[in-house]
Amino acid sequence: MAAAGTAAGPAGPEPMPSYAQLVQRSWGSALAAARGCADCGWGLARRGLAEHAHLAPPELLLLALGALGWTALRSAATARLFRPLAKRCRLQPRDAAKMPESAWKFLFYLGAWSYSAYLLFGTDYPFFHDPPSVFYDWTPGMAVPRDIAAAYLLQGSFYGHSIYATLYMDAWRKDSVVMLIHHVVTLVLIVSSYAFRYHNVGILVLFLHDVSDVQLEFTKLNVYFKSRGGSHRRLHALAADLGCLSFSLSWFWFRLYWFPLKVLYATCHSSLRSVPDIPFYFFFNALLLLLTLMNLYWFLYIVAFAAKVLTGQVRELKDVREYDAAEAQSPKPSKAE
């Protein structure tokens with residue numbers, strides 16, 4: 001195993017590759033890594049965990065307490081803020097039942113994405129404009145900057161809460177099983193990337209994903225509010241239409257264009273150039289590829305919904321995760337409630 005990364009990268013940012021270059025170079029790097037791994041197996045994995053994973057029990061305890069805190073905060077906000085707001089605005093019963101979930105997620109993702117954007121564009125971190133730089137100067141057990149550590153605690157504890165919420169608090173939808181898998185994969189990526197000090201690339205992954213969730217929940221909230229009081233609200237209807245369009249475009253651009261060409265290129269190809277024999281190369285890239293497949297799966301939902309709108313099968317905008325005839329179940333009350 002390499003003890004450290006290179007001291008610095010190229011003189012300037014590396015140009016973003018095309019899809020063809022991504023596949024060609026990543027495949028070549030992965031094959032070379034596989035051929036060069038003479039002692040790959042459980043023994044190497046155990047040594048890699050012992051030598052390179054740095055995660056203290058107090059950090060795991062703080063993560064668990066944060067997840068419990070998010071759950072308690074959501075229960076309190078739902079009971080004392082979101083449900084009274086839905087009642088005061090006279091939302092339709094079905095919309096009033098789902099509004100608290102979307103309001104909660106909208107507020108979290110807006111704050112989380114704004115903070116990630118600040119880290120990438122309001123500080124000296126070059127990771128967005130120069131993705132390969134996420135591995136420059138990498139060393140095992142390197143210190144995690146406090147601002148990035150705060151983002152990791154925020155996101156990791158929230159996804160721990162989200163696993164519980166998907167099972168016991170959220171409305172059950174057609175894709176809820178995939179959503180549950182997504183939360184588990186994301187939590188494993190967050191915890192393991194922190195332990196192996198791949199936190200730089202983690203911030204880039206979170207930034208590229210959270211923006212779509214902000215737009216999705218914003219759109220859903222306007223869908224719920226456009227019929228408040230029993231009358232059609234044109235402003236909310238327009239905001240929902242524009243939000244749906246923006247959500248669809250951003251999903252493709254951030255998750256299916258920038259994510260593979262920035263993140264996967266850096267982790268599959270550039271990482272080996274900066275840190276030969278980088279620990280758990282195949283493990284992390286397998287999880288990131290699984291995340292890409294789930295992004296593609298949900299994009300097919302979006303395309304199918306758009307096709308139904310264009311062909312007149314859907315006459316008004318509804319929740320894109322419920323575009324088919326199946327109705328979602330009512331949200332489950334939490335134990336705290």
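## Overall composition

Of the 337 residues in the protein chain, 50% are buried. The model is predicted. The chain contains nine helices and zero strands, so that its pattern along the sequence reads α-α-α-α-α-α-α-α-α.

Among contacts between residues at least 6 apart in sequence, 83% join residues at least 24 apart.

## Packing of helices H4 and H7

Two packed helices are described by the distance between their axes and the angle between those axes. Helix H4 spans residues 93-121 and helix H7 spans residues 199-225; their axes come within 7 Å and cross at roughly 150 degrees. Because angles over 145 degrees count as roughly antiparallel, H4 and H7 are therefore roughly antiparallel to each other. The crossing in which H4 passes H7 is left-handed.

Arg-255 belongs to helix H8, which covers residues 234-274. With a relative accessible area of 3%, Arg-255 is buried, because the cut-off for burial is under 20%.

A polar atom of the Arg-255 side chain lies 2.8 Å from the backbone oxygen of His-209. Leaving aside residues up to four places away in sequence, Arg-255 touches Leu-208, His-209, Ser-212 and Asp-213, together with Ser-250, Pro-260 and Asn-295.

Terms used:
Residues numbered from 1 in each chain as written. Predicted model: local features only at pLDDT ≥ 70, side-chain atom pairs only at ≥ 80, totals over all residues. Heavy atoms only, no water. Helix = DSSP H or I, 4+ residues; strand = E, 2+ residues; numbered from the N terminus. Buried < 20%, exposed > 50% of the residue type's maximum accessible area, 1.4 Å probe, protein only. Contact = heavy atoms within 4.5 Å. Polar contact = N/O pair within 3.5 Å; in protein donor to acceptor, adjacent residues only side chain to side chain. Axes fitted to C-alpha atoms, helices over the stretch in contact; angles between N-to-C directions. Parallel < 35°, antiparallel > 145°, perpendicular 65-115°, else oblique. Left-handed = near helix turned anticlockwise from the far one by under 90°.
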